[in-house]
Amino acid sequence: MSESSEPDLSELLRRCARGDERAFTALYDATSSRLYGLAVRIVRNRAMAEEVTQECYLELWRHSARFDSSQGSALSWMLTITHRKAVDQVRSVEAADRRDVTYEQRSRTPSFDSTAESAHANFEGARVRRALETLTSTQREAVELAYFGGYTHTEVAQLLDLPLGTAKTRIRDGLIRLRDTMGGE
């Protein structure tokens, strides 16, 4: 330690390079708030800043022997490592966001084409109307009540004043004729 109450960070880094865990603890205690504060300002997320700070100390532990006091102060070197890791984190998050957006754009199903769907429905409607014209009036009446009116077979029989079996036969015969007519187009 230096003569002042501040620890000599350069000396702590040299001791960390030799595997001195007490020196690493002292280094962490002396600098963690500054490194974490810098990380928070860059990544703007406390959880990510904690990760960045952790990665920074891991790198300091592994590579503290690389510190050269002739190149600058220990704190500047540590803040530079923190800044670089935080910027890498921001870039990584942005790249992940871009990948997510690209994936969503590529996997999105094409939007619904209402014009084509409407044209198809009109075409199909015209086919059904033409096919209905081929039915006898009694068949058409029974089919229209059952399928366009939403009535049950029993209700169709009551509305047409027919036995239930006759109403069912008219509906079935009408559907068979419709199938044959529409299947032929």
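Axes in this tour are lines fitted to C-alpha atoms, for helices over the stretch in contact, and angles run from 0 to 180 degrees between N-to-C directions. Helices (H or I, at least four residues) are DSSP runs, numbered from the N terminus, as strands (E, at least two) would be. The model is predicted, with local features requiring pLDDT of at least 70 and side-chain atom pairs counting only at pLDDT 80 or more, whereas totals for chains, interfaces and linings use all residues. Residues are numbered from 1 along each chain as its sequence is written, and side-chain values use heavy atoms, with hydrogens and water left out.

**Stop 1: helices α1 and α4**

Select residues 9-17, which form helix α1, together with residues 74-107, which form helix α4. Their axes come within 8 Å and cross at roughly 65°. Contact means heavy atoms within 4.5 Å. On the α1 side the contact is made by L9, S10 and L13, and on the α4 side by A74, L75 and W77. For residue classes, Ala, Val, Leu, Ile, Met, Phe, Trp, Tyr, Cys and Pro count as nonpolar, Asp, Glu, Lys and Arg as charged, and the others, Gly among them, as polar. By these classes the contact of α1 with α4 holds five nonpolar residues, one polar and no charged.

**Stop 2: helices α2 and α3**

Next, select helix α2 (residues 21-43) and helix α3 (residues 46-63), whose axes come within 9 Å and cross at roughly 140°. The two helices α2 and α3 are therefore oblique to each other; angles under 35 degrees count as roughly parallel, over 145 as roughly antiparallel, 65 to 115 as roughly perpendicular and the rest as oblique. The crossing in which α2 passes α3 is right-handed. A crossing is left-handed if the near helix is turned anticlockwise from the far one by less than a right angle, and right-handed if clockwise.

To display the contact, show E21, F24, L27, Y28, T31, S32, L35, Y36, A39, V40 and V43 of α2 with R46, M48, A49, E50, V52, T53, C56, Y57, L60 and W61 of α3. These residues divide into 15 nonpolar, three polar and three charged.

**Stop 3: the aromatic rings**

Rings of Phe, Tyr and Trp (its six-membered ring) pair if their centres lie within 6.5 Å; planes under 30 degrees apart count as stacked, over 60 as edge-to-face and the rest as tilted. Over the whole structure, a search finds four aromatic pairs. One of them joins F24 and W61 edge-to-face, at 5.1 Å centre to centre and 70° between the planes. F24 lies in helix α2 and W61 in helix α3, so this pair ties together parts that are 37 residues apart in sequence. Ring pairs link F24, Y28, Y57 and W61 into a cluster. W61 counts as partly exposed, at 29% relative accessibility; buried means under 20% relative accessible area, exposed over 50%, partly exposed in between (1.4 Å probe, protein chains only).

**Stop 4**

Select Y36, in helix α2. Y36 is partly exposed at 23% relative accessibility. Leaving aside residues up to four places away in sequence, Y36 touches R46, A49, E50 and T53.

Then move to R44, in the loop between α2 and α3. Phi of R44 is near 60°, a positive value in a residue other than glycine. R44 is exposed, with a relative accessible area of 71%.

**Stop 5: helices α5 and α8**

Select helix α5 (residues 114-132) with α8; they pack at an angle of about 125°, with their axes 9 Å apart. α5 and α8 are therefore oblique to each other, and α5 passes α8 in a right-handed crossing. The contact is made by E124, R127, V128, A131 and L132 of α5 and by L178, T181 and M182 of α8. By class, this contact has five nonpolar, one polar and two charged residues.

**Stop 6: D161 and α8**

Finally, select D161, in the loop between α7 (153-159) and α8 (164-183). D161 is not a glycine, yet has a positive phi of about 55°. D161 counts as exposed, at 69% relative accessibility. In helix α8, select R172, which is partly exposed at 48% relative accessibility. R172 and A142 are 30 residues apart in sequence and 9.4 Å apart in space, C-alpha to C-alpha.
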